[in-house]
Number of protein chains: 2
Amino acid sequence: MTHAKISHFTTDQQQLARVAKALAHPARVAIIQLLASKKTCISGDIAAELPLSRTTVSQHLQELKSVGLIRGDIDGLTVCYCLNTELLEQVHQQFTAFFVEATSTTCGPEDACAC
Amino acid sequence: MTHAKISHFTTDQQQLARVAKALAHPARVAIIQLLASKKTCISGDIAAELPLSRTTVSQHLQELKSVGLIRGDIDGLTVCYCLNTELLEQVHQQFTAFFVEATSTTCGPEDACAC
DNA sequence: AGACTATGACGTAAACATACGACATATTAT
DNA sequence: ATAATATGTCGTATGTTTACGTCATAGTCT
């Protein structure tokens with residue numbers, strides 16, 4: 001009965017974890033940075049710039065696409081991948097809210113613990 | 001030869017992925033939110049508030065601790081877990097930089113692709 | 001000391017992720 | 001039509017994560 005308790009968390013928690021998971025591999029971070037730096041939405045060129053096989057890169061691209069962080073539009077023979085800036089913006093807000101919430105409260109002096 | 005190419009990415013990419021991975025499970029997101037909301041925090045209580053067994057929660061706590069996002073100070077019989085606000089702040093900056101970079105560039109009209 | 005409690009460590013089964021070669025498909029070029 | 005090219009899909013080997021029960025340890029209490 002493994003991996004069955006995820007539904008017991010809030011939608012927000014699941015959403016944040018979902019995006020975090022998409023960013024939980026350096027290759028996927030690199031892909032997003034690459035797409036951000038290039039003006040043109042390259043396709044197979046991405047694979048050429050990473051130290052991974054084309055197949056593996058394709059897999060990572062699918063993963064990012066399934067979360068919605070990137071989009072892939074077929075343009076003849078090649079596929080044009082680009083960032084979904086709206087979602088990224090939205091996710092940015094979500095992460096910011098999370099971090100603000102997490103950093104606002106400090107273990108005060110009235111606590112029993114020493115941290 | 002799986003999982004052997006990670007070293008070929010930049011330190012920044014690895015660091016960001018590492019933290020993202022720590023947040024890639026709703027339970028860990030929930031734990032951080034819980035620690036942020038409570039002034040005092042003890043491991044056993046955390047398990048009580050999550051739909052997971054104490055053992056599993058302990059495992060998630062270790063994971064967060066290994067990345068450095070939380071700290072656990074032994075206080076007699078119990079362990080006092082609390083957020084590492086300095087690291088969280090730092091990570092927040094890192095994520096912000098990443099998202100800003102990712103959202104600044106839009107696929108311009110001069111491109112061939114339609115996205 | 002002996003019972004009690006809070007935790008972490010260990011073992012483990014099932015699920016998932018990673019990486020990649022081989023194959024399939026579809027589009028362009030000759 | 002045939003060849004070349006760009007991509008995705010499939011299968012698969014290996015490693016990692018998740019979830020949890022059981023046990024060990026170490027601090028409290030009487």
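Predicted model: local features only at pLDDT ≥ 70, side-chain atom pairs only at ≥ 80, totals over all residues.
**The α1–α4 pair of chain B**

On the side of α1(B), the contact is formed by B:Arg18, B:Val19 and B:Ala22, while α4(B) contributes B:Glu63, B:Leu64 and B:Val67. By class, these residues comprise four nonpolar and two charged ones, with no polar residue.

**The α1–α4 pair of chain A**

In chain A, helix α1(A) spans residues 11–22 and helix α4(A) spans residues 54–67; they pack at an angle of about 160 degrees, with 10 Å between their axes. The two helices are therefore roughly antiparallel. Helix α1(A) passes α4(A) in a left-handed crossing. A:Arg18, A:Val19 and A:Ala22 of α1(A) make the contact with A:Glu63, A:Leu64 and A:Val67 of α4(A). Four nonpolar and two charged residues take part in this contact, and no polar ones.

The table sets out the two pairs.

| Helix pair | Residues | Angle | Axis separation |
|---|---|---|---|
| α1(A) and α4(A) | 11–22 and 54–67 | about 160 degrees | 10 Å |

**The nonpolar core**

The largest nonpolar core holds 63 residues. Those that touch the most other members are A:Ala20, A:Leu23, A:Leu35 and A:Leu83 from chain A, together with B:Ala20, B:Leu23 and B:Leu35 from chain B. For B:Ala20, once its neighbours within four places in sequence are left aside, the contacts are with A:Ala20, A:Leu23 and A:Ala24 of chain A. Two of these partners, A:Ala20 and A:Leu23, are themselves among the core residues that touch the most other members.

**Overall organisation of chain A**

Chain A contains five helices and two strands. Read from the N terminus, its elements follow the order α-α-α-α-β-β-α. Of the 115 residues in chain A, 32% are buried. Among the contacts in chain A with a separation of 6 or more, 49% join residues 24 or more positions apart.

Notes:
Residues numbered from 1 in each chain as written. Chains lettered and ligands numbered in written order. Axes fitted to C-alpha atoms, helices over the stretch in contact; angles between N-to-C directions. Helix = DSSP H or I, 4+ residues; strand = E, 2+ residues; numbered from the N terminus. Parallel < 35°, antiparallel > 145°, perpendicular 65-115°, else oblique. Left-handed = near helix turned anticlockwise from the far one by under 90°. Contact = placed C-beta atoms within 7 Å. Nonpolar A, V, L, I, M, F, W, Y, C, P; charged D, E, K, R; others polar. Core = buried A, V, L, I, M, F, W, Y, C linked by C-beta atoms within 7 Å. Buried ≥ 20, exposed ≤ 12 C-beta atoms within 10 Å, placed from the backbone.
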